[in-house]
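Hi everyone, thanks for making time this morning. I'd like to walk you through a structure, so please have a look at it while I talk.

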Amino acid sequence: MGDPVTDYTARLQQQEREIQSLSAEIESLKNPQDLSSSPRLDELREENAKLKYRLNILKRSLQEERTYCSKSMMNINQRLQEVFGEAIRASCPELDNPPLAVTPNQQAKFGDYQCNSAMAMAQMLKAKGIKVNPREIAEKIVQNLPDNELTQKTEIAGPGFINIHLKRSFVSKLLSNLLINGVQPPPLASKKRVVVDFSSPNIAKEMHVGHLRSTIIGESMSRLFEFLGHDVLRLNHVGDWGTQFGMLIAHLQDKFPDYLTVSPPISDLQAFYKESKKRFDEEEDFKKRAYQCVVRLQSKEPDFIKAWNLICDVSRREFQKVYDCLDIQIIERGESFYQEMMTEVVKEFEEKGLLQLDEGRKVVFVPGQPIPLTVVKSDGGYTYDTSDLAAIRQRIFDEKADVIIYVTDSGQGTHFQVVFAAAQMIGWYDPQVTRVEHAGFGVVLGEDKKKFKTRSGDTVRLMDLLEEGLKRSMDKLKEKERDKVLSQEELIKAQRSVAFGCIKYADLSHNRINDYVFSFDKMLDDRGNTAAYLLYAFTRIRSIARLANIDEATLRKAAETTEVILDHDKEWKLGKCILRFPEILQKILDDLLLHTLCDYLYELATTFTEFYDSCYCVEKDRQTGEVVKVNMWRMLLCEATAAVMAKGFDILGINPVQRM
Amino acid sequence: MADTLTLFTSIGLSEQKAKETMKNEALSSALKEAVTQAQRVHGASGVDKAMGTLLYNMASRLKDAKRLAFLADSIVQRKICTELQLAAALDFVKSHPQDPINQKEFEEACGVGVVITPEQIEDAVESVIKKHKEQLLKERYHFNMGLLMGEARSALKWADGKVIKNEVDMQVLHLLGPKTEADLEKKPKVKVADNKVSTGEVKSLMEQLRGEALKFHKPGENFKTEGYVVTPNTMSLLKKHLDLTGGQIRTRFPPEPNGILHIGHAKAINFNFGYAKANNGICFLRYDDTNPEKEEEKYFTAIKDMVEWLGYKPYAVTHASDNFQQLYDLAVDLIRRGHAYVCHQRGEELKGHNAPPSPWRDRPIEESLVLFERMKKGLFAEGEATLRMKMVMEDGKMDPVAYRIKYTPHHRTGDEWCIYPTYDYTHCLCDSIENITHSLCTKEFQARRSSYYWLCNALDVYCPVQWEYGRLNLTYTVVSKRKIIKLVETGVVRDWDDPRLFTLTALRRRGFPPEAINNFCARVGVTVSQTTTEPHLLESCVRDVLNDTAPRAMAVLEPLKVTITNLPEDSQVYVRVPDFPANEAKGSHMVPFTCTIFIEQSDFREVMEKGYKRLTPEQPVGLRHAGYVISVQKVIKDAQGNVVELEVNCCRSETAEKPKAFIHWVSKPLTCEVRLYERLFLHKHPEDPSEVPNGFLSDINPNSLQVISSALVDTSVKGAKVFDKFQFERVGYFSLDPDSTADKLIFNRTVTLKEDPGKI
């Protein structure tokens, strides 16, 4: 044993040396002089510098385009998200994906919008072991706010809310732009091909209220996508194929032997169907013949195709009546269209080894899905599963769809989830790239909260329903003595507008996922969130300018020359509300819930009423009723409100009238 | 063929002349048209020789073909009958390029219908002779008769010159009688003892550039220049231009800020700044900074320094980049007018001759507008799109590029732009924006003149006139930026301002005075032809200036110690040396003189040689300025037998026999470094592969730089500042190098005293 002091000293010195050599190494690693820069590295560096430069230019161009150059309406919320997103990232670089929450404020005293990210960020930091007061984070965010065109000031409130006040001049400018350019969609990042599959009734069967929902919602969605600038294909996936056509054709041949030359007068296809069904069930011969007919139809024998077409045409005419009433645009592309493709689909699944035999059926199991898809029945026939697979494949590859939306009742939700999962499994689409969605909806209930039926218990025929709507709408108009004010032509127009508008609006204004109660009394009420109320409100706004004798040209000119003043609280509230239109549309685009648009229009109408009640647009002499003064900027606010409402109606498929 | 010949001879041309005319296609077709027009009026043989000659002269001198019919008509109708009228007519159409021609003004200007009677001529000549009678009688026929005719003619503008001459001759004869013997004697030439001519055989630059010396157009008369394109808007644009400039001459010196100026630029600077200065105009210094990749701050300041060093002050310093927004707006306008389109051909496809025409040439205007905006917004990668102008250049190049994409920040505009305009697009428009009257450039740009005019006219903006002058080339050097970089990189020269180079900074460092460079430019002249000049011409200009400006000093480059034995060891006197011996009034300085002095080794020889006039053991020599003559007493040698010191006797020069030569010397000197230069290249044209097959780098003169680290210089240079210049007696002109420190001065030899040094 040596002297421990010497011992320790030696060890200490040894350690000192090691520390020194390690520090030296660290230093040398910190300043890597030896890393000789290869020409390739230089090239890459230069390329990188150029790319960064370009990125900067592109970002700036994008912003310019949004702010100045385009006629598009600006999505204020989105712009605020960008501005705050930048500030949030700058103030908290340690968080990879900091939450971004900017929402409009309902209470004026808290500003116009608010950013609530600070609290969530504090939580995230806490999870990382860093304790920061959310107020501090909020302060940092405010400090890091980039220069921007839209915020006037911000305040931090409560635990860390940031209240955002918009610049009045900015809002005013946006309103002027809106008036000059009209209601234009927000800028389109990329134009997409959108397929909307809706309505889809069955040939030889009656359309019912379920089809009504699909038709109304699908049409409105299509209109929304079109307004936003996308390329929309509306498809009517009618049920026009299957064994039932065998018996229909057999019956047709018996009843109208000369059907090839003389068009058979079938007015009630429903009855015709019943007759043939009866024979099918009762007559063995007929049944046999019906099967033969199926085979001959499937082998495309001309006479049979002709018979099939005749039957389909009868249904088509019926459907079209409904579509005409509701102003629906749609292309028929029924199950028959996919017949040939189904063989291909089965082959493809087979080749990829995704088919399994199950008691003579060929089925596809999709991981994570409880039920398999049956693509070939034990008799060798195909199913809805097969045709839906063929359809999705055709829509992805032939139609080059970026977005496919199926509007059917929620009961089919599970079925479509399996179809979508199978299509992804076989590699037809990547959900990151292609958006395929089932927009399901709840059932229509009667006022008794039970399934919607006639008094006699039958399903309600759609045409009957629409006709009743027309009748009730006329009753209402007469009740209000509008028939004494309007011309006959105007009256009819108003009748249709109100009747069909109310049916559609009643449907669209409810969250589509829920069941909804069908009630003519409620939908025709001119108080509350109904089409009747909105249509009245709209015509009233339109009449303000008319009654002040201001024509459209004057308004157009004023839009360019008159600043929209927003000093009054109600003016300010209305102005902001008008400009929320783009963010409402953006939200619907994300969740496909159209009732948000109805809620917004209702809010706009009530906000307008508040404005109109407290701000004179036209000042009249109390005695003579003569116009003394026109507050043009307020006329412009009326005009902007009306323009946005009109566009909203258009998307909902409602036809407003000038007078009602 | 034969028909044309007959046609031409029918108006009185000789057959030979007619044939010659036919060789010139343009002239031939013009003349044909004119003659045909004449014959329609006067019949196939009705065009007489006088009219024919007028037609011929008109056709050959007319620049603007659209006036041919009009002038031919005037001749045919005998409105224009004389050469004088024709000249006036041609002048008139030149100054009135726009339709319509005011017939009345035209006829007035050409003296149409003016009839001069013989009596009028007689009277006019009589009054002129009366005026000069006294002088005439004195000088008789030695009198300048031209003067009489000139005056008579100006009195009668449209009179026939011949008739006037006859009249003058007659009246003079009448006055003086026939010539006598004395009259026939040649008048003795008066010796012109004009100082100007003897001191400088060339006119000063300002004189060369002043007034009409250059045949340049007057401001606002752009259209009078040959080749200038007149459009329907030209006249109103010129008027606006004149209103703005007040008729002032405006030029610009437009260097690209991507390198150092060289001697060639000195000419451009002198020409542009000089022309403006000589004519009370203004000159801009405009940096042509459209290419972001090449620009560096140091070049900007260096260029301005050099301009100022040469003695010029820019009216304003501008940048092409100041106009980026305006240029962009003009480009959009150009597309709208259908004169430009966005093209996607790759750079490689357009290289070389016969590049395929662009398939995008005829794309719709709207499309180009959108795409051009997208270029600006960064939607294309570099090289994916360019904006091209729809025009063919003189050299056949199709559709030059106006804008290209570069994701590079710009020295002045930062990250604002990612499209940058080209020279072809920018240059003329910046000239136009600055209302330049004379856009002076070297001859290489002649090929771009038409694109210059085309672009201004395509946009309906004021169009300056481009004038070309010959580029200045020097032998025994290279000036291109790339080559100089090579020289610097390979260590042949120290830097851009190495005194062996001909960059302006190098010349300054070497000690060339700016006046000398300007004089040199004047000597080379402002001719249009390309001039290749040898450096010795420049050097001689340098000597001319330094002779009068660089004070004398004495320096010994290779010293030999000399001890004067018959002076006391501690004796020290000061000797007065005039700064300029030729003009002692310009001052003097004192240098010490002690018993130890140093002389050049070459000023002493142990063995006498015939013709050698300086110091030998047998031959004394005088010491400049000291008033002493020394004679060798003892030669001290080292072990190797080299002479290391001399011991001498001195005596006052008044008492001594006049020595054959005087040499320079120093005593108690400063030790300095001296750098001696020779030309950098061995061959006259180092870039010419036939002269130097292995490239200019193989042609370096190994002796181009000689450094003498311990030369001895007299104390008068103490405290000299950088670039101070001296004449070291018998050694050369020197300038203080910026490398000098307080402890050690460094001198560059600017030039030797005489063109060919090395005589013994």
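Let's begin where the two chains meet. In this predicted model, chain B and chain A bury about 1100 Å² between them, and 47% of that area is on carbon and sulfur atoms.

Which residues of chain B lose the most area to chain A? They are Lys377(B), Tyr407(B) and Asp415(B), and together they account for 59% of what that side buries. As for who takes part, chain B brings 18 residues to the contact and chain A brings 10 residues.

Now for the polar side of this interface. Between chain B and chain A there are 14 residue pairs in polar contact, counting pairs with both residues at pLDDT 80 or more. Sorted by class, the side of chain B that touches chain A has seven charged, three polar and eight nonpolar residues. Two salt bridges are found across the interface of chain B and chain A. A salt bridge joins the side chains of Lys50(A) and Glu382(B), at 2.5 Å from N to O. The background here is simple: side chains of opposite charge can pair when their charged atoms come close.

Next, the chains one at a time. Chain A has 660 residues, of which 47% count as buried, and chain A contains 23 helices and 16 strands. If you take contacts in chain A between residues at least 6 apart in sequence, 73% of them join residues at least 24 apart. There is also a UniProt record, an unreviewed entry, that places a "coiled-coil region" at residues 5–61 and 463–497 of chain A. In the model, residues 463–497 of chain A are 77% helix and 0% strand, and the end C-alpha atoms of that span lie 16 Å apart.

Chain B has 760 residues, with buried residues making up 50% of them. You can find 25 helices and 26 strands in chain B.

Back to salt bridges, because over all chains the structure holds 88 of them, each one a Lys or Arg nitrogen within 4 Å of an Asp or Glu oxygen. One of them pairs Arg509(B) with Asp739(B), at 3.0 Å from N to O. This pair links distant parts of the chain, 230 residues apart: Arg509(B) is in helix α23 of chain B, while Asp739(B) is in the loop between β25 and β26. Are these two buried or exposed? Arg509(B) has 8% relative accessibility, so it counts as buried, whereas Asp739(B), at 34%, counts as partly exposed.

That loop between β25 and β26 also holds Asp737(B), while Arg675(B) lies in strand β22 of chain B, so this pair ties together parts that are 62 residues apart in sequence. In chain A, salt bridges that share partners make one network out of Glu219(A), Arg223(A), Glu226(A), Arg234(A), Asp327(A), Lys647(A) and Asp650(A).

Why does Asn518(B) count as buried? Because its relative accessibility is 14%, and the cut-off for buried is under 20%. Leaving out residues up to four places away in sequence, Asn518(B) touches Asn270(B), Leu310(B) and Tyr312(B).

Technical notes
Residues are numbered from 1 along each chain as its sequence is written. Chains are lettered from A and ligands numbered from 1 in the order in which they are written. This is a predicted model: local features need pLDDT of at least 70, side-chain atom pairs count only at pLDDT 80 or more; totals for chains, interfaces and linings use all residues. Side-chain values use heavy atoms; hydrogens and water are left out. Contact means heavy atoms within 4.5 Å. Buried area is the accessible area (1.4 Å probe) that two parts lose on being put together, summed over both. A polar contact is a pair of N or O atoms within 3.5 Å; within protein, one must be able to donate a hydrogen and the other to accept it, and residues adjacent in sequence count only if both atoms are side-chain atoms. Ala, Val, Leu, Ile, Met, Phe, Trp, Tyr, Cys and Pro count as nonpolar, Asp, Glu, Lys and Arg as charged, and the others, Gly among them, as polar. UniProt positions are given in the numbering used here, feature names are shortened, and annotations may be inferred rather than shown by experiment. Helices (H or I, at least four residues) and strands (E, at least two) are DSSP runs, numbered from the N terminus. Buried means under 20% relative accessible area, exposed over 50%, partly exposed in between (1.4 Å probe, protein chains only).
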